[in-house]
2 protein chains.
Amino acid sequence: MQGLLNDLRRTHYTKEVTPELKGEDVLIMGWVHEIRDLGGIIFVVIRDREGRIQITAPSKKVDAEILEDLRALRKESVVAIKGTVQEAGKAPNGVEIIPAEIYMLNLANQPLPMDPTEKVKAEIDTRLDSRFLDLRKANVSAIFKIKSRMFHTVRDFFYKNGFVEINTPKLVASATEGGTELFPITYFEKEAFLGQSPQLYKQIMMASGMDRVFEIGQIFRAEEHDTLRHLNEAVSIDMEASFMDDEDVMKILNDMIYQVIVDVNEDCSDELAILEHEMPIPEEPFAKVTYDEAVDIVNAKGVEMMWGEDLSRAAEKALGEEMDDFYFLTEWPSEIKPFYVMPNADDPVKSHAFDLMYKNLELSSGATRVHQYDVLVKQIEERGLNVNAFGSYLKAFEYGMPPHAGWGVGADRLTMVLTGVENIRETVLFPRDRHRLTP
Amino acid sequence: MQGLLNDLRRTHYTKEVTPELKGEDVLIMGWVHEIRDLGGIIFVVIRDREGRIQITAPSKKVDAEILEDLRALRKESVVAIKGTVQEAGKAPNGVEIIPAEIYMLNLANQPLPMDPTEKVKAEIDTRLDSRFLDLRKANVSAIFKIKSRMFHTVRDFFYKNGFVEINTPKLVASATEGGTELFPITYFEKEAFLGQSPQLYKQIMMASGMDRVFEIGQIFRAEEHDTLRHLNEAVSIDMEASFMDDEDVMKILNDMIYQVIVDVNEDCSDELAILEHEMPIPEEPFAKVTYDEAVDIVNAKGVEMMWGEDLSRAAEKALGEEMDDFYFLTEWPSEIKPFYVMPNADDPVKSHAFDLMYKNLELSSGATRVHQYDVLVKQIEERGLNVNAFGSYLKAFEYGMPPHAGWGVGADRLTMVLTGVENIRETVLFPRDRHRLTP
């Protein structure tokens, strides 16, 4: 009975089987979601990506062999069932199928390591250990359908705005931004590292004249975080554009996020409903809060914060209480931002860096970049980094680097916002943290 | 003069400045491509992503200060020039600009490490060392515009066909397919590796019920190749679909490649012309050659090949002489294909694996996969691999794995075909091979 596909092909997804097909033969394929054997009648619910359908087998109407096959089914086995569509007011979609042929494609073992039909939430670690079963739950797969829709919109947005898609290397020769820890690799006879960001490469691309580029790709950070907002492997949406400044690229980011939310609401209303999450269309343009103002807000909320410090988690939370939507945090102190951030010409203690926040969650960092070789070398030195390690990057600034600006958005964090989940691990199929390397 | 962008903004790309704008003021931004100082008149050609435009400064018409600024320019510097559009039959686009304001945004050093306007081809290593300059050549950036268009079409194709985009981890706990060498990483206290393919993960996703998935992402192979067709970091286009077999996914691959070629011809005709490359719309459906037939063809061409061997480079070349377009190579011997490939039920020495070839270049490998746990374990053991290393993969086959099939396409190799270049390094912005880790 354990079978090959051979010439069997699905005629319909479950949700495509509607009362209009009454009397017609259909072939559906999927997983055994539920079996109820009432003796004189057997009900089996079959689940596929798009939904569920009821197979109804009254012993008077259906061959004995079919009844035997149905009784041999185990939950979560994979089957193909051919049968006739019949109206059934109480069943999902208002239809049921009277089975004529049953093909067992893969019998599931028992007991399952976790129940994908359960209503009670299992621990995240149990779920991630059996992620393939976890994903069979509608409220888990919904997250990834929304994430896929988000990427789709993001790419369309970039294409429409004249951006060229690029891929930059993840195997890099030296530490880039300093500070953040790197994963070392043995690269033949040499030492190499995994890229923590495409930052330096997308800047080099500005010197190529390609004008506007974007990349969606993996980034790797060897930080020993153990929070609900950090992973050691993440996906970053990065852009960089020539002849633009921080204001220009904040506008681009605002427009992109707005479009994502519009499209997710339009195309993923079922998924949002399953997740019981509302994602209201944000007010536009997004508010701007200067770093100075943020310090005041945070202190007024009773969280101590000195000017010149980065936002602590407590500070982010205090700020999120005041700011209830998307907002830009601007005019950051130069000192706590990376060397490639352009200082303010009139007041160099402040910079042209910004973050995009959603309530208390940081989604994106961006800035006008330094395009002048001398300023860049000075800023690298001021941060105690080794200028020699930046040779091939600095070279791009010597022979015609245009003014430019850009940002990176954490795709997994953006998915947290879109889906309303609290743990970033929920938004990644196979998350990587300090304790998890499998599956 | 080394300047900030401030409020300067481009009004037009060079190619948008047409005779219809005669008498109007425009502001263009770009690189100094050429300077000709004839004493009484100075010509400067400015280049941006979209093309070139001529700045014409007759000493009688233009302020002395402007002339001085123009004389101070160096090739490949970045400038913003504001001026009035004037018809000029002989100039590009039939227009020139009489300059009124010149802003130096970044002065280029001299001499340049390579000349981006040169007609003579530099060595690939020299070019890659200064890739940002190399990319300023129209015949280099054209490759990446075509590659970006290819990715765009591929994604649209997948979206239209009901595929969900996924991201699978690049940090993995153990060797996957065996054979191919892996890059080891130090992952906190553990040993880990860089993923050589999303193969096992996209198969696990079939057990999730997501039905059809695709991923476009980096793959890493520690092979010591030194050829024109291999890199140690590459981008792979991967798909996997449930309830499909090799024939179904070959059809999908055929349709996708066809659409890519149609779109590249339509949207990138300028780039193909610059590359002097024709990419004819292929005959459909792509031809199919069995492995047995291929052995005969190769031997008939005088290249010795035993049944059961993989294709040597000489064999690929012999085959490519006979087959002048896209074609599938089918019915491969089971023994030389990976453990996850489904053997032929009637003749298990042969398999349901296929390659997609273009002339003598392998572009893709795919297959119907084994979905039965027992067969899979047996095939892993037969290849001398350690079954225990596949624990979290095998688990997905125990609890309802549907029949499935899929393939992976080398995105960089596909770009070679689309652009007609002979060295895969031409198709990657910052290629990684055994000898190259920078820039």
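Q379(A) belongs to helix α10 of chain A, residues 373-382, where helices (H or I, at least four residues) and strands (E, at least two) are DSSP runs numbered from the N terminus. With a relative accessible area of 5%, Q379(A) is buried; buried means under 20% relative accessible area, exposed over 50%, and partly exposed in between (1.4 Å probe, protein chains only). Beyond its neighbours within four places in sequence, Q379(A) is in contact with F339(A), V341(A), P343(A) and V370(A), contact meaning heavy atoms within 4.5 Å.

## Basis of the model

This is a predicted model, in which local features need pLDDT of at least 70 and side-chain atom pairs count only at pLDDT 80 or more, while totals for chains, interfaces and linings use all residues. Residues are numbered from 1 along each chain as its sequence is written, chains are lettered from A and ligands numbered from 1 in the order in which they are written, and side-chain values use heavy atoms, with hydrogens and water left out.

## Chain A as a whole

The secondary structure of chain A comprises 12 helices and 16 strands, and its C-alpha atoms fill a box of roughly 90 × 55 × 40 Å along the principal axes. Of its 439 residues, 61% count as buried. Among contacts between residues at least 6 apart in sequence, 66% join residues at least 24 apart. The accessible surface of chain A (Shrake-Rupley method, 1.4 Å probe) comes to about 17200 Å², with 47% belonging to carbon and sulfur atoms.

## The annotated positions in strand β15

An unreviewed UniProt entry places the feature "binding site" at E362(A) and S365(A); such annotations may be inferred rather than shown by experiment. E362(A) is found in strand β15, residues 361-368 of chain A, and S365(A) has its place in strand β15 as well. Their side chains make a polar contact of 3.2 Å.

E362(A) is partly exposed, with a relative accessible area of 26%, and S365(A) also counts as partly exposed, at 30%. Leaving aside neighbours within four places in sequence, E362(A) is in contact with E316(A), D355(A), L356(A), M357(A) and R413(A), whereas S365(A) touches K337(A), F354(A), D355(A), W407(A) and G408(A).

## Helix α6 of chain B

Helix α6 of chain B (residues 246-267) has 22 residues and reaches 31 Å from its first C-alpha to its last, close to the 32 Å expected at 1.5 Å a residue, the expected span being 1.5 Å times one less than the number of residues. An α-helix has 3.6 residues a turn, so residues three or four places apart point the same way.

## How the two chains are related

Chain A can be laid on chain B with an RMSD of 0.0 Å by a turn of 180 degrees and a shift of 0.0 Å along the axis, the superposition being by least squares on the C-alpha atoms of residues with pLDDT of at least 70 in both. The two copies are thus related as by a two-fold rotation axis. The same surface serves both copies, since 100% of the contact residues of chain A recur in chain B. Of the residues of chain A, I185(A) comes closest to the rotation axis, with its C-alpha at 2.4 Å.

Notes: A polar contact is a pair of N or O atoms within 3.5 Å; within protein, one must be able to donate a hydrogen and the other to accept it, and residues adjacent in sequence count only if both atoms are side-chain atoms.
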